[in-house]
Amino acid sequence: MRSVIDIMDLSLEEIDGLLNTAEDIIANPKKYADACRGKKLATLFFEPSTRTRLSFEAAMYELGGNVIGFSEASSSSSAKGESISDTARTISCYADIIAMRHPKEGAPYVASLKATVPVINAGDGGHNHPTQTLADLLTIKREKGRFDSLTIGLCGDLKFGRTVHSLISAMSRYSNVRFVMISPDELKIPDYVKQNVLIPKGIEYKEVKSLEEAMPELDILYMTRVQKERFFNEADYIRLKDTYILTPEKLSGAKDDLCIMHPLPRVNEISVAVDDDKRACYFKQVLNGKYMRMALILKLLEVEV
Ligand code: CP
């Protein structure tokens with residue numbers, strides 16, 4: 001029984017396998033239509049979500065399985081004080097696999113210690129979001145055709161943006177990857193990401209404030225939303241939320257084959273005028289996320305197709 005709490009729980013070979021499965025699902029969807037017949041996915045979302053929850057649910061339905069769950073903590077017995085551990089043990093009696101999102105860092109890990117079925121971290125606080133990274137990796141593979149020798153600009157809320165933390169870990173395993181971290185001082189990448197990933201692995205990175213100055217060298221621009229829900233002080237959020245707004249004008253210095261990514265939801269950080277640019281890949285990321293979640297469910301349920 002395997003859980004996926006951190007993207008590093010999956011080896012490079014396993015990620016390659018998931019990418020290959022996802023591409024086979026895209027090419028041959030009917031082959032997978034009954035793969036999870038009789039299986040149940042539980043989606044336990046203690047925090048809001050559109051893409052992650054609904055793509056997990058769509059993934060399970062497209063595999064022929066069923067879904068149970070809740071989309072807000074207030075409709076579960078956690079509102080009465082039930083612990084994560086007891087919730088995990090209980091849901092293990094009803095479902096074959098669990099996808100959990102929680103505002104507290106580490107909650108899906110705690111659940112995985114007591115669950116008797118696989119637990120997938122669907123986002124824990126400002127910490128990690130491994131299945132978003134799987135969506136990001138399929139997008140990079142399909143758009144750039146490689147993972148090596150890429151300069152990746154990460155822009156916006158690098159402090160609380162859990163998708164960024166997971167993506168850095170995942171990309172740090174490939175050769176000649178460079179990061180340009182574009183953020184205000186208050187939203188810089190946490191020290192633990194530097195100390196645990198970037199420095200030990202000798203990954204080249206720089207921290208800058210200007211998106212326009214960074215733009216010409218980027219192969220990938222990964223925009224992020226300022227995470228309002230993680231701020232203690234609303235005045236700080238209001239001051240920082242519109243620090244970076246990507247517009248067609250700001251792309252004038254960008255490469256022709258730049259890949260513009262964003263985990264979504266977006267607020268103001270990418271102008272809708274950018275959506276028609278051929279380099280905008282963020283809605284492709286949404287669809288890729290469903291295929292990678294299908295591949296992950298198959299793997300963790302040990303279903304052979
Ligand atoms: N990317 C992402 O996690 O989106 P949701 O919050 O809508 O699930």
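In the predicted model, the shell around the ligand comprises 3 nonpolar, 5 polar and 2 charged residues. Surrounding the ligand are Ser49, Thr50, Arg51, Thr52, Arg101, His129, Gln132, Pro263, Leu264 and Pro265.

A polar side-chain atom of Ser49 is placed 2.6 Å from a ligand oxygen atom, and a polar side-chain atom of Thr52 lies 2.7 Å from an oxygen atom of the ligand. At Pro263, a backbone N or O atom is found 2.9 Å from a nitrogen atom of the ligand. On its own, the ligand has 260 Å² of accessible area, of which the protein covers 92%. The space that the ligand takes is the largest pocket.

The protein chain is assigned two segments of architecture, domain 1 (7-128 + 288-300) and domain 2 (130-285). Each of these domains supplies at least three residues to the shell around the ligand. The C-alpha centres of domain 1 and domain 2 are 25 Å apart. Between the domains, 33 residues of domain 1 are in contact with 29 residues of domain 2.

Key. Residues are numbered from 1 along each chain as its sequence is written. This is a predicted model: local features need pLDDT of at least 70, side-chain atom pairs count only at pLDDT 80 or more; totals for chains, interfaces and linings use all residues. Side-chain values use heavy atoms; hydrogens and water are left out. A residue is near a molecule or strand if one of its heavy atoms lies within 4 Å of it. A polar contact is a pair of N or O atoms within 3.5 Å; within protein, one must be able to donate a hydrogen and the other to accept it, and residues adjacent in sequence count only if both atoms are side-chain atoms. Accessible areas come from the Shrake-Rupley method with a 1.4 Å probe; for residues, only the protein chains shown count as cover. On a 1 Å grid over the protein atoms alone, a cavity is a set of points where a 1.4 Å probe fits but cannot get out, and a pocket is an open set with protein on both sides within 12 Å along at least five of seven lines; lining residues have an atom within 4 Å of a point. A molecule sits in a cavity or pocket if more than half of its atoms lie within 2 Å of its grid points. Ala, Val, Leu, Ile, Met, Phe, Trp, Tyr, Cys and Pro count as nonpolar, Asp, Glu, Lys and Arg as charged, and the others, Gly among them, as polar. Domain bounds come from an automatic or database domain assignment. Contact means heavy atoms within 4.5 Å.
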